[in-house]
Protein chains: 2
Amino acid sequence: METVTIDHIGIAVRSIDEALGMYRDALGLDPVSRTVVEHERVEAAVLPTGGGRIELLQPTSDDSVIARFLRRRGQGVHHVALRVDNLEEAIETLRNSGRRLVTDRIQIGAEGYRYVFVHPGSTGGVLLELVERDRRQ
Amino acid sequence: METVTIDHIGIAVRSIDEALGMYRDALGLDPVSRTVVEHERVEAAVLPTGGGRIELLQPTSDDSVIARFLRRRGQGVHHVALRVDNLEEAIETLRNSGRRLVTDRIQIGAEGYRYVFVHPGSTGGVLLELVERDRRQ
């Protein structure tokens, strides 16, 4: 059986700067990067922890997925990402058990990793990202 | 600076058995324990991953915190727990920066670890648990 690991937690925030007052200044988690992901219309700050990362996600446009999430739910956890060894195998197992992906195509993240989102209706309410990273990442 | 690590993600579910169809059967994450936590009126299934745990939380009573969360928000991530080396120090830093805890007293979890919850109003919408575990845990 492959190893599944918590890769990151994506948190929707109105302002990364404000959120860093908590995660960096109070908890000591320093962002290694702040990147605007154009196709998601979001700025992402990546904060590594001793195991797994926290990603703070701030919309760069009012019509982005994260902006809509903030309007509907307010600030909070947007998605949970689990790292798998073999993304194709994981997707096949999910499909064979009748679970639904948000989009069928594997996407490529800003850091080059491959990912899909599993629909919350198939996971008990969690927007679950499955990630396969190059071993050097 | 101390090390902060993602300890676990607490997910509110209506039925642990149903959620295991996803997390165990489709993703291969086996629960190491299923425990009723009487004072929280919740059953918790703990699923270790390669890094960090997933806790599936099912209410055992209609007036539990998790039951109220399910009624208000539906199934999904209830809290994120970060492990710190020194809980007292972490609490002092939070208080000195004007952040609010849900309860001021340190509590003891079912497995013996010590924890507090930081109020979502102080963390950008996330109910954040801070955990200090014995090194053997």
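Predicted model: local features only at pLDDT ≥ 70, side-chain atom pairs only at ≥ 80, totals over all residues.

User: Which residue forms a salt bridge with B:Arg24?

Analyst: Side chains of opposite charge can pair when their charged atoms come close. The rule used here asks for a side-chain nitrogen of Lys or Arg within 4 Å of a carboxyl oxygen of Asp or Glu. For B:Arg24 the partner is B:Asp25, with the closest N and O atoms 2.8 Å apart. Over all chains, the rule gives 18 salt bridges. Some form a network, as with A:Asp7, A:Arg83 and A:Arg133.

User: Which side chain meets B:Asp63 in a salt bridge?

Analyst: B:Arg41 does, at 3.0 Å from N to O. This pair links distant parts of the chain, 22 residues apart: B:Asp63 sits in the loop between strand 4 (53-59) and helix 2 (65-73) of chain B, and B:Arg41 in the loop between strand 2 (33-37) and strand 3 (42-48) of chain B. Helices (H or I, at least four residues) and strands (E, at least two) are DSSP runs, numbered from the N terminus. B:Asp63 is partly exposed at 43%, and B:Arg41 is partly exposed at 33%.

User: Where are B:Glu88 and B:Arg114, and how many residues apart are they?

Analyst: Their side chains meet in a salt bridge of 2.5 Å, N to O. B:Glu88 belongs to helix 3 (residues 87-96) and B:Arg114 to strand 7 (residues 114-118) of chain B, 26 residues apart, so the pair links distant parts of the chain. B:Glu88 is partly exposed with 40%, and B:Arg114 is partly exposed with 23%.

User: Is B:Glu132 buried or exposed?

Analyst: B:Glu132 is buried, with a relative accessible area of 18%. Its place is in strand 8 (residues 128-132) of chain B. Contact means heavy atoms within 4.5 Å.

User: How do I read the pairing of strands? In which sense do strand 5 and strand 8 of chain B pair?

Analyst: Strands of a sheet pair through backbone hydrogen bonds, either parallel or antiparallel. Here two strands pair if DSSP finds at least two bridges between them. Strand 5 and strand 8 of chain B are parallel, over 4 bridges; B:Leu82 has B:Leu130 in strand 8 as its bridge partner. Strand 1 (residues 5-12) of chain B runs antiparallel to strand 5 and is joined to it by 7 bridges, with B:Ile11 opposite B:Val77. Strand 5 (residues 76-83) of chain B is largely enclosed by the rest of the structure, because 6 of its 8 residues are buried.

User: In what order do the strands of chain A form their sheet?

Analyst: The order is 2-3-4-1-5-8-7-6, an open sheet of 8 strands with mixed pairing. Strand 2 (33-37) and strand 6 (107-108) of chain A stand at the edges with a single partner strand each, so one side of each has no neighbour in the sheet.

User: How many residues does the contact take from chain A and from chain B?

Analyst: The contact takes 40 residues from chain A and 40 from chain B. The size of an interface is often given as the accessible area lost when the parts come together. Buried area is computed in that way (1.4 Å probe), summed over both parts. Chain A and chain B bury about 3,100 Å² between them, 71% of it on carbon and sulfur atoms. In chain A, A:Ile6, A:Met22 and A:Leu27 lose the most area to chain B, together 19% of what that side buries. Between chain A and chain B the count is 0 salt bridges.

Terms used: Residues numbered from 1 in each chain as written. Chains lettered and ligands numbered in written order. Heavy atoms only, no water. Buried < 20%, exposed > 50% of the residue type's maximum accessible area, 1.4 Å probe, protein only. Buried area = accessible area lost by both parts, 1.4 Å probe.
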